[in-house]
Amino acid sequence: MKVLVTVKRVIDYNVKVRVKADGSDVDLNNVKMAMNPFCEIAVEEAIRLKESGTATEVIAVSVGPKACQEQLRTALALGADRAIHIESEAQLESLNVAKLLAKVIEQEQPGVVILGKQAIDTDNNQTGQMLSALTGMAQGTFASKIDIQGDKAVVIREVDGGLQTIELAMPIIATTDLRLNEPRYASLPNIMKAKRKPLEVKTPEELGVSIKAHTKLLSVGAPAERKAGIKVASVAELVDKLKNEAKVI
Amino acid sequence: MDLSLSQEQQLIQQMAAKFARTELEPLAQKLDHSGDRSAFLANLKKLAELGFMGLNIDAQYQGTEAGSVAFSLAITEIARACAATAVTMSVTNMVGEVIQSVASNAQKQQYLPKLCSGEYAAGAFCLTESSAGSDPANMKTSAVLEGENWILNGAKQFISSAEYAGVFVVWAVTDTSMAKGKGISCFLVEQGTAGMSIGKAEQKMGQKASVTNEVLFDQCRIPQDALMGELNQGFKIAVTELAGGRIGIGSLALGIALAAMDYARNYTLERKQFGQVIAKFQGLQWMMADAYTELEAARLLLMSAADKKQRGLAFSKEASMAKLYASEKANQACYTALQLLGGYGYISEYPLERYARDVRITSIYEGSSEIQRVIISRELLKEVS
Ligand SMILES: Cc1cc2nc3c(=O)[nH]c(=O)nc-3n(C[C@H](O)[C@H](O)[C@H](O)COP(=O)(O)OP(=O)(O)OC[C@H]3O[C@@H](n4cnc5c(N)ncnc54)[C@H](O)[C@@H]3O)c2cc1C
């Protein structure tokens, strides 16, 4: 069984995000980029499926500009067997990405597809769900446990009220939540070996997908600066302020 | 000319940065204040398992075979978080490299996999003595062949990692009749060998988690084949291998200074005095501009020396220039960074005073700045005379 795992290049989570002066977008100039942390969890899960003998091959795929190959190399260094880069300089929306991934699924026929539940840049949380709709594959989103049992999979999902356990018919699409696993570090010898693993580049045209813009980005602004708080003298004053000023109770 | 890093070098740098941030940074202050030997050793082990202890060692000996540029990049990233860890890593890599370049096949098989895999917590480099610091050729430790054994006698001073190193590269005089610096040979001695003892740990200004001890040899008997490299050629080995180590120490200094300046830069955007953030004061802006410019120049010198080394070119002058410049400018940058924090820079709750203490030794060990200038000028004059 093949596992397909998706990898997105995003701003490193440690970087303080800046907005461009003209408010057109986030400033990516000279900014450190990294693999989306939820994708790291996805890659780790895929590798564990291979290590446990459940999967035979792990394929990492990324959609975006040429620089995405850096994140694909990271996935290869972590243990993926080969990589597919779908090169596009366009502003991609989730639906375009899902359509491209659906084509890759058609070609590769994986038993399990693992995505991050969201990317920390745009926080859309929809590519996995869209991919499920496009392919007709069952979905287990916000997974904190994925257990493949032959022709079915048991996924434990993190939902608002706690944990939900669902059973899915294979093949499946899963999206990762934070507690699914703790990603490993790529060892340096594996980083050196990663350059010899295959990385295939495809274009949206080759996959027969035309990139369409469904939304238009109007402006990007920095969050309002948090104002300094005040000190209250007593609990009574606090309750009074919560009731009458903040009007939250 | 292309000054960009290869994809592997970038990935190694990123990995080192990530490891440093997650595993080392949270522990660095504690290691400095109260120490925690087991946590320190656990991190060394993790670093070895990830391939950081044999960056420039061939894969057949379980090394990473990533080259000197990757070594420099990795040391800088590790040093940003914990200088004590970085120096252990630098010296251990250097010990591995000496073994790889001059040892016999059997010695390589015996020791390199243990150093690279973390079976040995560290390697030790025993050159300095109480009367042989900048002038190591003046060493008194002796090795005399008695039947099938070498008998070592003497004392080595300031040996990094002596308490937990698995193997020691030891220099000793093997022929007293030869001219100074000629009759010295190099030996491999295992931890726990009878006749070798580790003196008490020195109390230090910085890099406290890394232990520094005297190593004493009293009728220490080692097998004849513990000799590494050619008899009486040991001093040349020391001189050659220290050049590589200097790239490590320069890179380490750079890492500490970048951590200090990055901390201070962020601080100037938050701290307000006279009704504005202090980053608005031009006097401070210029301090920052100068420090970052000098650190960038240091980085380029280090990269150039490392690149020469990994391409097999002569690099000793360049390594000395890089170590001299990087360690001096890093010392200044740490003091500049501390100044930018004002009184808070002097307080232990902030990392600046630790950076300033940790960086201080970088212009002293593996050849002081004065000795680097001796080496550089000697090379320069040799070129024209
Ligand atoms: C924390 C720590 C860890 C160390 N780890 C190791 C280790 O693992 N292995 C090891 O072998 N050694 C180690 N050392 C030793 C270190 O390399 C020496 O301290 C260093 O080489 C300087 O020698 P010294 O201390 O004897 O100073 P000295 O040689 O006595 O120098 C005193 C001063 O005189 C200057 N000077 C000396 N000669 C000249 C000259 N010709 N021209 C101009 N100025 C000169 C020096 O620059 C210095 O300023 C370590 C030292 C420390 C403090």
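Visitor: Where does Arg9(A) lie in chain A?
Guide: Arg9(A) lies in strand S2 (residues 9-11) of chain A; helices (H or I, at least four residues) and strands (E, at least two) are DSSP runs numbered from the N terminus. This is a predicted model, where local features need pLDDT of at least 70 and side-chain atom pairs count only at pLDDT 80 or more, while totals for chains, interfaces and linings use all residues. Residues are numbered from 1 along each chain as its sequence is written, chains are lettered from A and ligands numbered from 1 in the order written, and side-chain values use heavy atoms, leaving out hydrogens and water.

Visitor: OK, so what does the side chain of Arg9(A) make a polar contact with?
Guide: Its partner is the side chain of Gln71(A), at 2.9 Å. A polar contact here is a pair of N or O atoms within 3.5 Å, within protein one able to donate a hydrogen and the other to accept it, and residues adjacent in sequence count only if both atoms are side-chain atoms. A polar atom of the Arg9(A) side chain also lies 3.3 Å from the backbone oxygen of Ala67(A).

Visitor: And which residues is Arg9(A) in contact with, leaving aside its neighbours within four places in sequence?
Guide: Met33(A), Ala34(A), Ala67(A), Cys68(A), Glu70(A), Gln71(A) and Asp121(A), with contact meaning heavy atoms within 4.5 Å.

Visitor: Switching to the interface: how many residues of chain B are in contact with chain A?
Guide: 20 residues of chain B, meeting 17 of chain A. The two chains bury about 1,800 Å² between them, 60% of it on carbon and sulfur atoms; that is accessible area (1.4 Å probe) lost on putting the parts together, summed over both.

Visitor: Which three residues supply more than any other three to the area that chain B buries?
Guide: Glu8(B), Leu11(B) and Arg21(B), which supply 33% of the area that chain B buries against chain A.

Visitor: How many salt bridges cross it?
Guide: The rule finds three across the interface, a salt bridge being a side-chain nitrogen of Lys or Arg within 4 Å of a carboxyl oxygen of Asp or Glu. Glu40(A) and Lys18(B) make one of them, at 2.7 Å, N to O. Helix H1 (residues 7-33) of chain B gives the most to chain B's side, with 12 residues.

Visitor: What about cavities, how many of 30 Å³ or more turn up?
Guide: Three in the whole structure; on a 1 Å grid over the protein atoms alone, a cavity is a set of points where a 1.4 Å probe fits but cannot get out, and lining residues have an atom within 4 Å of a point.

Visitor: Last one: which residues of chain A does a cis peptide bond join?
Guide: Met170(A) and Pro171(A), with omega about -5 degrees. Pro171(A) is in the loop between strand S9 (162-169) and strand S10 (172-176).

Terms used: 1 Å grid on protein atoms, 1.4 Å probe; cavity = no way out; pocket = protein on both sides within 12 Å on 5 of 7 lines; lining within 4 Å. Points joined across faces, edges and corners; volume = space filled by probe spheres on them.
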